[in-house]
Amino acid sequence: MNLVCLPTPLHRLDRLSAHLGAEIWVKRDDLTGFALGGNKGRKLEFLIAEALNSGAKAVVSCGALQSNFVRQLGAACSVVGLECHAAVMETPYEDEIPAALPVGGPGGNALLDRLFGVQLHQYPNGTWEELYDHAEEIAKALEAQGKPVSRVPVGGSAPLGAFSFLLAAEEALEQAPDGFDWVVTASSSGSTHVGLQAGFKGHSRVLGIAADPEPEIIQDFAELSQGLAELTRADIASPAHEFRLNLDYTGAGYSVHDEATTQTIQLLARLEGFLLDPVYSGKAMTGLIDLVRKRELSGRILFWHTGGIPTLFAS
Ligand SMILES: *Cc1c(COP(=O)(O)O)cnc(C)c1O
């Protein structure tokens with residue numbers, strides 16, 4: 001199923017490289033071109049094809065109110081004429097509600113969701129587990145009306161979603177056959193990180209900068225990686241300890257603004273003329289810059305720009 005414009009550009013960041021005294025490149029998945037871009041379009045090419053093949057008439061997923069995935073899922077459903085439902089909370093959380101305010105409000109992705117005709121089912125803030133339960137209730141209610149449903153996991157992080165990023169790594173290696181010392185990406189539900197890790201194996205080390213303060217999430221990554229290995233029948237599974245996930249740049253929590261990231265967004269806008277988002281790519285770039293300064297990252301570094309620009313307009 002063809003949704004995104006590939007290959008996305010890969011180029012050197014001359015002014016940022018000079019600013020940091022390092023060699024920084026970027027993979028522009030902010031320019032996937034579908035429904036304002038971002039990393040989820042690649043996954044949806046496979047996930048939507050699977051939903052259609054299963055005979056589904058409706059798709060059900062979930063996420064934060066400002067989810068980039070729900071926005072692109074809604075657009076993909078429009079392309080093929082599927083009904084799109086999403087259970088959302090302004091701030092889903094792991095154990096405790098965070099003290100600071102999230103990126104929220106009716107603008108940004110929530111506005112685009114309405115344009116794409118997504119049926120948003122919004123719930124009061126609660127845990128991710130509660131949100132998954134709500135999504136399942138919606139799916140069951142649709143099935144009770146006789147509509148076959150495709151359940152799409154949060155962020156599109158099914159093995160097929162990870163597969164699209166294995167292909168994306170191959171795409172980048174065609175553009176830059178020498179590979180990189182490091183590939184740095186924002187990481188959350190995991191299929192971007194897991195797919196890149198598999199695709200860059202033997203070429204480049206992949207470092208995820210976490211958007212969520214949840215160290216145990218790498219167990220989910222290992223499971224997803226196992227699923228990817230089964231799907232491709234290739235020996236590419238990574239156990240949990242092989243994933244490099246840095247949790248130092250989550251700030252006050254998932255989706256919560258922080259000053260360092262605001263400054264990073266401004267820095268890149270003024271040095272390179274492109275935008276980062278406050279929830280994922282901005283925090284990942286804050287991490288990249290800090291780790292380069294601490295000399296924990298060196299050599300040729302590729303920043304995988306995952307998009308997320310609509311959240312800049314969220315409030
Ligand atoms: C979803 C998202 C991520 C994280 O990707 P996962 O595959 O869920 O880990 C990173 N950046 C942006 C902008 C996103 O929307």
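The model is predicted: local features need pLDDT of at least 70 and side-chain atom pairs pLDDT 80 or more, while totals for chains, interfaces and linings use all residues. Residues are numbered from 1 along each chain as its sequence is written, and side-chain values use heavy atoms, without hydrogens and water.

**Salt bridges**

- The structure holds twelve salt bridges (a side-chain nitrogen of Lys or Arg within 4 Å of a carboxyl oxygen of Asp or Glu).
- Arg 42 pairs with Asp 29, with the closest N and O atoms 2.8 Å apart.
- Arg 42 lies in helix 2 and Asp 29 in the loop between strand 2 (23–28) and helix 2, so this pair ties together parts 13 residues apart in sequence (helices, H or I of at least four residues, and strands, E of at least two, are DSSP runs numbered from the N terminus).
- Arg 42 is buried at 3% relative accessibility, and Asp 29 is buried at 0% (buried is under 20% relative accessible area, exposed over 50%, partly exposed in between, with a 1.4 Å probe and protein chains only).
- Lys 27, Asp 29, Arg 42 and Glu 171 form a network of salt bridges.
- Asp 290 and Lys 294 form a salt bridge at 2.9 Å between the closest N and O atoms; Asp 290 is partly exposed at 25%, as is Lys 294 at 48%.

**Largest pocket lining**

- Helix 8 (217–232) is among the elements that each supply at least two lining residues, and helix 8 gives the most, with five.
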